[in-house]
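Let's take a friendly walk through a protein model, one region at a time. Keep the viewer open as you read.

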Amino acid sequence: MSKVKYLGSHVSLAAPEFYLGTVKEALSYGADTFMFYTGAPQNTRRAPLDTLKIEEGRQLILEAGIDESKIVVHAPYIMNMGNTIKPGLYEGSVEFLQQEMERTAGFGAKLLVLHPGAHVGAGAEAAIEQIARGLNEVLENDTTGTIICLETMAGKGTEVGRSFEEIAAIIEKVDKKEQLGVCFDTCHTNDAGYDIHDVDGLLAHFDEVIGLEYFKILHINDSKNERGASKDRHDNLGYGTIGFETIKKWVHHPLLKDVAKILETPWIEKTIAPYKHEIAMLRSGEYVENWREPLEEQAKQLAK
């Protein structure tokens, strides 16, 4: 079993320790990278960078030997550059994406995950055109070097990015391709209808349609849904329809050895983070049967 590098999870950015606490949380899980939001994902309110204990966090990152180029920021959900119908949303999304790129650089990170957007009834072609226009606008005068990673989507509603072809169509229309990447989500890709169990075949297809050079991030999630359900409901490792063995193949695949690998699986009873256990299983390659049961019992005791 190959040694896994750049394996971590989503972690919080919260008072009182802010970024220092973010790094401490990641290290407590046995991670050597992580992903976080620079503020609430549901709104655009953002605290000034100089209040977030960034230097203290970066010092701990340095001491821990974490490669900052593999740390991931996730852009908020409220942006939608693909909406050609609602006036003002495109301009606001472009402006906020520019701010998030600057904030990403302010933390010393390089990778920014972006949900491509939704066409809200206008059709994928119109949305793809506008998303690419927005990316060109954002990247034209960018000096941060931030890499925007378009996420593969499950296909719920009018999401754009449900197919490799839609992602490729966006990339094709963007001038500064060196600042684009892809965040491949195992749950989303399964729910979009791809055979997630055919790891080699799907990587070959990705390379053919998009190009493996764009594969920058792997979101590691089991799925509560069958293939092609278009629902996007994450599950803990081994408890969903994908299963631990398939996810392990993705995480340990030699073509992805330099890719940031991030767990976004649900907390146990919304109370206890599962990541220390899931990271340990992925590193060892050994699945622990019923691993979630003690945590469920612990969560019930905490709820009393």
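Predicted model: local features only at pLDDT ≥ 70, side-chain atom pairs only at ≥ 80, totals over all residues.

Residues are numbered from 1 along each chain as its sequence is written, and side-chain values use heavy atoms, with hydrogens and water left out.

Let's begin with the helices. Helices (H or I, at least four residues) and strands (E, at least two) are DSSP runs, numbered from the N terminus.

Axes here are lines fitted to C-alpha atoms, for helices over the stretch in contact, and angles run from 0 to 180 degrees between N-to-C directions. On the H5 side, the contact (heavy atoms within 4.5 Å) is made by Phe164, Glu165 and Ala168, and on the H7 side by Leu202, His205, Phe206 and Val209.

Now turn to H4, residues 124-140, whose axis comes within 8 Å of that of H5 and crosses it at roughly 40°. H4 and H5 are therefore oblique to each other, and H4 passes H5 in a right-handed crossing. Ala124, Ile128, Ile131, Ala132 and Leu135 of H4 meet Glu166, Ala169 and Ile170 of H5.

H7 also has a partner in helix H8, residues 244-252: their axes come within 10 Å and cross at roughly 45°. That makes H7 oblique to H8. This crossing, too, is right-handed.

Next, some single residues. His74 sits in strand S3, residues 72-74, and is buried, with a relative accessible area of 2%. What does the side chain of His74 make a polar contact with? Its partner is the side chain of Glu151, at 3.5 Å. A polar contact is a pair of N or O atoms within 3.5 Å; within protein, one must be able to donate a hydrogen and the other to accept it, and residues adjacent in sequence count only if both atoms are side-chain atoms. Not counting residues up to four places away in sequence, His74 touches several others, including His115, His219, Glu100 and Glu264.

Ser223 lies in strand S8, residues 222-223, and is buried at 0% relative accessibility. Its side chain makes a polar contact with the side chain of Asp191 at 2.8 Å, and a polar atom of that Ser223 side chain lies 3.0 Å from the backbone nitrogen of Asn225.

For a contrasting setting, visit the loop between strand S2 (33-36) and helix H2 (54-64), where Thr44 is found. Thr44 is partly exposed, with a relative accessible area of 45%, and leaving aside neighbours within four places in sequence, Thr44 is in contact with Ile78 and Phe96. Ala40 has its place in the loop between S2 and H2 as well, and counts as partly exposed at 30% relative accessibility. Leaving aside its neighbours within four places, Ala40 is in contact with Arg46 and Pro76.

Finally, the cysteines. How many disulfides does a search of the whole structure find? The count is zero, taking a disulfide as a pair of cysteine sulfur atoms within 2.5 Å. The sulfur of Cys149 is 6.9 Å from the closest cysteine sulfur, in Cys183, which is too far for a bond. For Cys187, the nearest cysteine sulfur is that of Cys183, 12 Å away. Cys149 is buried at 0% relative accessible area, and Cys187 is buried at 0% relative accessibility.

Key. Buried < 20%, exposed > 50% of the residue type's maximum accessible area, 1.4 Å probe, protein only. Parallel < 35°, antiparallel > 145°, perpendicular 65-115°, else oblique. Left-handed = near helix turned anticlockwise from the far one by under 90°.
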